[in-house]
Amino acid sequence: MDGLCITLIIIFLGLNIATWIITRNEISSSKKKQQELLKEISHLRKEAEKHNTPDSYFLCAKQQRLAHKKEKELQMLENNHSPQVTNSITLFCKIFKTLLFAFFLLTMMRTPIARIPTDISFPLGRFLEVNSKGRLTAENVSLLPFLFLIDRGTTFFAKALFPVRVETISEDSKAKSL
């Protein structure tokens, strides 16, 4: 059973790291896009104020319309703050993880997966125990809480290992790109 536990940990770690890296990239690109839109909006507003004279009012109105259009786009991005599952790799990882859960639960539900001392498992003993051949033992850990703990733990580890970084856009780099 020790080999199975290590194999499950490695599989879930790989799936959760792949899923998190893809999600992290989507989050960081969304935040970067929001920063760019904010800079463009402020620039358009400043340009509109410069052109707010009777002679060049049409330029002011054009800048205000563009700024308003960018604000709507920014609002759409902010309302859709959760990353969508559009990536096929992320979708595959989630489906594969669900199938693994189903397979192991159907085949090994009553098999104890690990043993821990009773004094360590005292607060969560009833949650972790498995009905093994008619008698309850607090030393045996069933598969469902073990899979749940592996999934949550590896997801947390992936998020800690690869944090979300959003690069701020400076005026110099923006001027260079134009």
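Predicted model: local features only at pLDDT ≥ 70, side-chain atom pairs only at ≥ 80, totals over all residues.
## Where H3 meets H5

On the H3 side you'll find Lys-97, Phe-101, Phe-104, Leu-105 and Met-108, and they meet Leu-143, Leu-144, Leu-147, Phe-148 and Asp-151 in H5. Sort the residues of this contact by type and you get eight nonpolar, two charged and no polar ones.

How do the axes of the two helices cross? H3 covers residues 88-108 and H5 covers residues 143-161; their axes come within 10 Å and cross at roughly 160°. Angles over 145 degrees count as roughly antiparallel, so H3 is roughly antiparallel to H5. As for handedness, the crossing of H3 and H5 is right-handed.

## Phe-92, out in the open

Stay on helix H3 for a moment, as Phe-92 sits there too. Is Phe-92 buried or exposed? Its relative accessible area is 54%, and exposed means over 50%, so Phe-92 counts as exposed.

Phe-92 also shows how the chain brings together residues from separate parts of the sequence. Thr-19 is 73 residues away from Phe-92 along the chain, yet the C-alpha atoms of the two are separated by 9.3 Å.

Helix H2 runs over residues 57-79, which makes 23 residues.

Which residues of H2 are buried? They are Cys-60, Ala-61, Gln-63, Ala-67 and Leu-74.

## Gln-34, tucked away

Now over to helix H1, which covers residues 2-50 and holds Gln-34. Gln-34 has a relative accessible area of 19%; the cut-off for buried is under 20%, so Gln-34 counts as buried.

What does Gln-34 touch? Leaving out residues up to four places away in sequence, Gln-34 is in contact with Leu-74, Leu-77 and Glu-78.

## The whole chain

Time to zoom out. The chain has six helices and four strands. Starting at the N terminus, the elements come in the order α-α-α-β-α-β-β-β-α-α.

How much of the chain is buried? Out of 178 residues, 28% count as buried. And here is a figure on contacts: take those between residues at least 6 apart in sequence, and 72% of them join residues at least 24 apart.

Key
Residues numbered from 1 in each chain as written. Heavy atoms only, no water. Axes fitted to C-alpha atoms, helices over the stretch in contact; angles between N-to-C directions. Parallel < 35°, antiparallel > 145°, perpendicular 65-115°, else oblique. Left-handed = near helix turned anticlockwise from the far one by under 90°. Contact = heavy atoms within 4.5 Å. Nonpolar A, V, L, I, M, F, W, Y, C, P; charged D, E, K, R; others polar. Expected span 1.5 Å × (residues − 1). Buried < 20%, exposed > 50% of the residue type's maximum accessible area, 1.4 Å probe, protein only.
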